[in-house]
Amino acid sequence: MTSKDFEIELHLLLDAIYLKYHYDFRGYAMASLRRRARAAMTLFHCETLSQLQDRVLHDPEVFPDLLDVLTVPVSEMFRDPSYFRSLRASVMPVLRTYPSLKIWVAGCSTGEEAYSMAILLHEEGLLARTIIYATDINPHTLRRAEAGVYDVDRIQTFTANHARAGGHSSLSDYYTAAYGRAVFNRALRQHIVFSDHSLATDSVFAEVQLVSCRNVLIYFNRELQDRAVGLFREALCRRGYLGIGAKESIRFSPHADAFEDVARDDRIFRKRESA
Amino acid sequence: MIDGTRLTGTIDLVVIGASAGGVEALIELLRALPPTLRAGVLIVLHLPRDRRSVLAEVFQPYCAVPVRDAQDKDPVEPGTVYLAPADYHLLVDDTRSIALSVDELVHFSRPSVDVLFEAAAEVYRERTLAILLTGGSDDGAAGLAAVRRAGGWTVVQDPSTARVPMMVEAALARGPVDFVLPLEGIAELLGRL
């Protein structure tokens with residue numbers, strides 16, 4: 001199989017997935033997608049992506065598993081602790097002035113970021129008046145996020161991150177550990193609405209004061225990234241905040257001028273008055 | 001052994017992978033990069049994953065061309081060195097731009113040398129020069145093979161001169177490479193690009 005054949009087959013597979021299941025990966029960054037497609041070939045014992053396409057089209061049970069491979073969920077609680085420190089220092093004081101809060105965690109994967117946000121808000125005394133919309137395209141991942149159950153061996157990292165994020169409570173206040181699992185409290189979950197939403201194909205569903213979307217845009221090509229940032233701009237209230245991943249940028253986006261820096265190194269922006 | 005002058009003017013991207021002992025080895029190579037370098041240089045160095053990277057500042061004084069932390073979607077500029085940020089895989093996309101990912105660890109590493117080398121081979125094909133240095137890991141062997149399959153050039157540090165030879169030995173055990181050289185030899189090769 002030549003590299004050119006692989007490219008052709010990859011495009012055909014993405015078209016097939018879109019036409020049959022309405023998941024649109026056509027605007028994803030190809031470099032990572034190629035790796036994921038190769039991983040899928042191994043997992044499903046297919047010699048070529050054409051074989052995989054055949055199975056995806058004719059065996060409906062294959063698609064959810066393929067979706068898991070294509071959307072590899074990798075996250076941890078309070079990843080990049082300084083991001084949360086900046087939210088605490090620069091964003092929470094303004095959010096505090098709103099009588100009720102809506103926050104959008106876009107691309108929430110298995111929920112770590114949404115729970116981190118809920119804990120931060122709880123520590124700031126704001127959770128009671130907040131709804132966090134945590135969205136993702138993968139229903140299987142969303143179910144795991146909603147369950148809020150994590151392997152207990154990940155808790156050590158989460159706890160260290162939380163402390164470095166300036167947490168002034170103990171992470172252990174928020175979960176119950178049993179049988180090698182940590183189950184996060186229902187009290188947190190009550191303020192999180194997990195739902196299915198695609199930054200590639202869906203539109204804005206609510207007005208929010210803060211959008212947090214970290215390490216999602218890196219998987220999109222320029223055009224899809226622009227679409228997503230456009231959605232965030234539209235969803236944000238007047239002078240709302242946007243947080244993205246530490247190595248992501250909106251510099252080259254047509255929406256760049258709509259935002260000003262709040263914490264440059266932590267990639268937190270604020271919508272300009274005129275935007 | 002092949003005559004290194006054949007590479008002059010044929011390389012658009014240099015990819016370098018290093019692990020244990022890599023900082024000193026990289027300094028020696030970065031010193032050798034000519035200010036007129038046309039190729040872009042992408043580097044994966046395994047690091048403790050929760051450390052905020054200051055490597056660009058460490059390396060810059062030794063290097064005649066700019067050294068930057070790679071940021072997603074930055075175009076790969078000629079004559080510029082990009083370092084994989086801690087806890088991200090570093091890849092290149094079809095538009096010859098930086099692509100980062102937080103996909104799962106490969107050989108217990110993120111960034112992984114294999115991930116970089118394989119992506120470089122896909123995009124830059126025969127205009128890739130891949131260099132594997134000291135390290136105590138299996139990372140890089142598969143990536144080096146991918147670069148070779150794509151028609152690119154492959155170099156490993158002579159294991160007898162590597163601080164930790166495991167990584168280059170793993171690559172040599174996997175298949176043939178174009179050059180096996182001590183750091184001075186690799187530096188000379190880079191100086192001629």
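A residue counts as buried here if 20 or more other C-beta atoms lie within 10 Å of its own, and as exposed if 12 or fewer do. Keep that cut-off in mind for helix H4 of chain B. In H4(B), the buried residues are B:Ala141, B:Ala142, B:Gly143, B:Leu144, B:Ala145, B:Ala146, B:Val147 and B:Arg148. That is eight of the nine residues of the helix, which spans residues 141-149, so H4(B) is largely enclosed by the rest of the structure.

The model is predicted. Its scores are ipTM 0.93 and pTM 0.94. Chain B has a mean pLDDT of 94, and 96% of its residues reach 70 or more.

Stay with chain B for a moment. What do the buried residues of H4(B) pack against? Their neighbours are helix H3 (113-124), strand E7 (128-132), strand E8 (153-157) and helix H5 (166-174) of chain B. After H4(B) comes B:Gly151. The phi of B:Gly151 is positive, near 90 degrees. Another backbone feature of chain B sits at a proline. The peptide bond from B:Arg110 to B:Pro111 is cis, and its omega is near 10 degrees. Look for B:Pro111 in the loop that connects strand E6 (98-101) with H3 of chain B.

Now turn to chain A and its sheets. One of them is an open sheet of seven strands. Read across it, the order is E6-E2-E1-E7-E8-E10-E9, and the pairing is mixed. Strand E6 (192-196) and strand E9 (259-263) of chain A are the edge strands, and each pairs on one side only. From one strand to the next, the twist averages 20 degrees.

Zoom in on one pair of this sheet. Strand E1 (residues 101-106) and strand E2 (residues 130-136) of chain A run parallel, joined by six bridges. Among the residues involved is A:Ala106, whose bridge partner in E2(A) is A:Thr135.

Helix H5 (residues 81-95) of chain A lies across E1, strand E7 (208-213), strand E8 (236-244), E9 and strand E10 (268-271) of chain A. Relative to E10(A), H5(A) runs at about 25 degrees.

Chain A also has an open sheet of three strands. Its order is E3-E5-E4, and its pairing is antiparallel. Why is one side of E3 and of E4 left without a neighbour in the sheet? Strand E3 (149-151) and strand E4 (175-178) of chain A stand at the edges with a single partner strand each, so each has one side without a neighbour in the sheet. Neighbouring strands here are turned by 25 degrees against each other on average, direction ignored. Take E4(A) and strand E5 (residues 181-184) of chain A as a pair: they run antiparallel and are joined by four bridges. In this pair, A:Tyr175 has A:Phe184 of E5(A) as its bridge partner.

Next, follow helix H6 (residues 112-123) of chain A. It has 12 residues. From first C-alpha to last, H6(A) reaches 17 Å, close to the 16 Å expected at 1.5 Å a residue. Is H6(A) mostly covered or mostly uncovered? It is mostly covered, with 10 of its 12 residues buried. Those buried include A:Glu112, A:Glu113, A:Tyr115, A:Met117 and A:Leu121. H6(A) is followed by A:Gly125, with a positive phi near 75 degrees.

A:His22 lies in the loop between helix H1 (3-21) and H2 of chain A. A:His45 lies in the loop between H2 and helix H3 (49-58) of chain A. Buried or exposed? A:His22 has 9 other C-beta atoms within 10 Å, so it is exposed. A:His45 also has 9 such atoms within 10 Å, so it is exposed too.

Finally, see where the chains meet. Contacts link 16 residues of chain A to 18 residues of chain B. Helix H2 (residues 30-43) of chain A gives the most to the side of chain A that touches chain B, with five residues. That side of chain A divides into seven nonpolar, four polar and five charged residues.

Definitions and conventions. Residues are numbered from 1 along each chain as its sequence is written. Chains are lettered from A and ligands numbered from 1 in the order in which they are written. This is a predicted model: local features need pLDDT of at least 70, side-chain atom pairs count only at pLDDT 80 or more; totals for chains, interfaces and linings use all residues. Two strands pair if DSSP finds at least two bridges between them. Helices (H or I, at least four residues) and strands (E, at least two) are DSSP runs, numbered from the N terminus. Axes are lines fitted to C-alpha atoms, for helices over the stretch in contact, and angles run from 0 to 180 degrees between N-to-C directions. Two residues are in contact if their C-beta atoms, placed from the backbone, lie within 7 Å. The expected span of a helix is 1.5 Å times one less than its number of residues. Ala, Val, Leu, Ile, Met, Phe, Trp, Tyr, Cys and Pro count as nonpolar, Asp, Glu, Lys and Arg as charged, and the others, Gly among them, as polar. pLDDT is the predictor's confidence in each residue, from 0 to 100.
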